[in-house]
Amino acid sequence: MINGRRGYIVDIQAEKLYLLKEGKRMAGLFFGTAGVPHSARTRTTIDGIKRIAELGLGCMEIEFVRGVSMGESGARLVAEVAAEEGVKLSAHAPYYINFNAHEPEKITASQERLLQTARIAALCGAQSAVFHAAFYLGDEPDKAYGVIKDSIGEVLERLEREKVRIKLRPEVMGKPSQFGTVEEIVRLCKELEELAPCMDFAHWHARTGAENSYGEFVAALKQFEDGLGRDALDDMHIHFSGIHYGQKGERKHLNLLESDLRYKELLKALRDCRVEGLVICESPNLEEDALLLQETYNGMLEEG
Ligand SMILES: [Zn+2]
């Protein structure tokens, strides 16, 4: 009854809604946009969700990247509309987070930003909240890792105490100055098991300079499966877009058809590895590429 776009049980209480969703295993791969689609009637989250449904897409990531400006009552309304429309939600935490900051007050501020994102996103009925964990700031990656893990561990404890139920997902990042190789994210999610990964294929492509072939995509997915078990691929969170990159990794996002990202090979890898979860399109043209991905993927499913 949770499955199917119009088949939701409407419950305005986000907590209950979450439990309903929890009880049912998510099936398949859902495509959507990073933020409100360009063609939405207004820039509000609610009009964004409605537009996602009209377009026949499956999900949307709420962008709190410049701060969490939504209040509790607004979040409850978002949960209600998303349930009615059958749109799955995730959230993106503010960019101003660094769990390896050298000043303790900056770590505390980062923790507060992630906590606030998690609380509001959970009320929205979002299943995940994605965040950029840290910059190395010249530290040895291993030393940074310990600090980052401890700082995030404290956030997880607070959420547990507050009974806020949402998956926090550290993201694979695109610049060598940023914490977040696939190996680091897998290790972090293994050692703090409440976490789950957010795989950003554009970041990964920019950072590793990989050829972005089918074989490499499968190998990257396999790294998650080997480190975290089959569950990781059964409930994956993916960011996807074309990317312009240079020596220092990521420069800016591009539309898929203007980029060298071999998205068909990537979709084929997702299909063959039976990956399920949300695919969030971060191309500048948002819904256009999200629809391109969804149509291409569905075509591949029919091919078998
Ligand atoms: Zn991100």
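Colleague: At what angle do α5 and α6 pack, and how far apart are their axes?
Modeller: The angle is about 40 degrees and the axes are 11 Å apart; axes here are lines fitted to C-alpha atoms, for helices over the stretch in contact, with angles running from 0 to 180 degrees between N-to-C directions. That makes α5 oblique to α6, where under 35 degrees counts as roughly parallel, over 145 as roughly antiparallel, 65 to 115 as roughly perpendicular and the rest as oblique. Helices are DSSP runs of H or I with at least four residues, numbered from the N terminus.

Colleague: What sort of model is this, and what goes into the numbers?
Modeller: It is a predicted model, where local features need pLDDT of at least 70, side-chain atom pairs count only at pLDDT 80 or more, and totals for chains, interfaces and linings use all residues. Residues are numbered from 1 along each chain as its sequence is written, and side-chain values use heavy atoms, with hydrogens and water left out.

Colleague: What does R187 form with D142?
Modeller: A salt bridge, with the closest N and O atoms 3.4 Å apart; the cut-off is a side-chain nitrogen of Lys or Arg within 4 Å of a carboxyl oxygen of Asp or Glu. This pair links distant parts of the chain, since R187 sits in α6 (residues 182-191) and D142 in α5 (residues 141-162), 45 residues apart.

Colleague: How accessible are R187 and D142?
Modeller: R187 is partly exposed at 35% relative accessibility, while D142 is exposed at 58%. Buried would be under 20% relative accessible area, exposed is over 50%, and partly exposed lies in between (1.4 Å probe, protein chains only).

Colleague: How many salt bridges does the whole structure have?
Modeller: The search finds 16. One of them joins E162 and R158 at 3.8 Å, N to O. Those two are four residues apart in α5, so about one helical turn separates them. E112, R119, R158 and E162 are also linked in a network of salt bridges.

Colleague: New topic: how do α8 and α10 cross?
Modeller: Their axes come within 8 Å and cross at roughly 45 degrees, with α8 spanning residues 214-228 and α10 residues 263-272. They are therefore oblique to each other, and the crossing is right-handed. Y214, F217, V218 and L221 of α8 meet E265, L266, K268, A269, L270 and D272 of α10. That contact has seven nonpolar, no polar and three charged residues.

Colleague: Last one: is S110 buried or exposed?
Modeller: S110 is buried, with a relative accessible area of 3%. It lies in α4 (residues 104-123), and S110 touches Y96, I97, N98 and F99, leaving aside residues up to four places away in sequence.

Terms used. Left-handed = near helix turned anticlockwise from the far one by under 90°. Contact = heavy atoms within 4.5 Å. Nonpolar A, V, L, I, M, F, W, Y, C, P; charged D, E, K, R; others polar.
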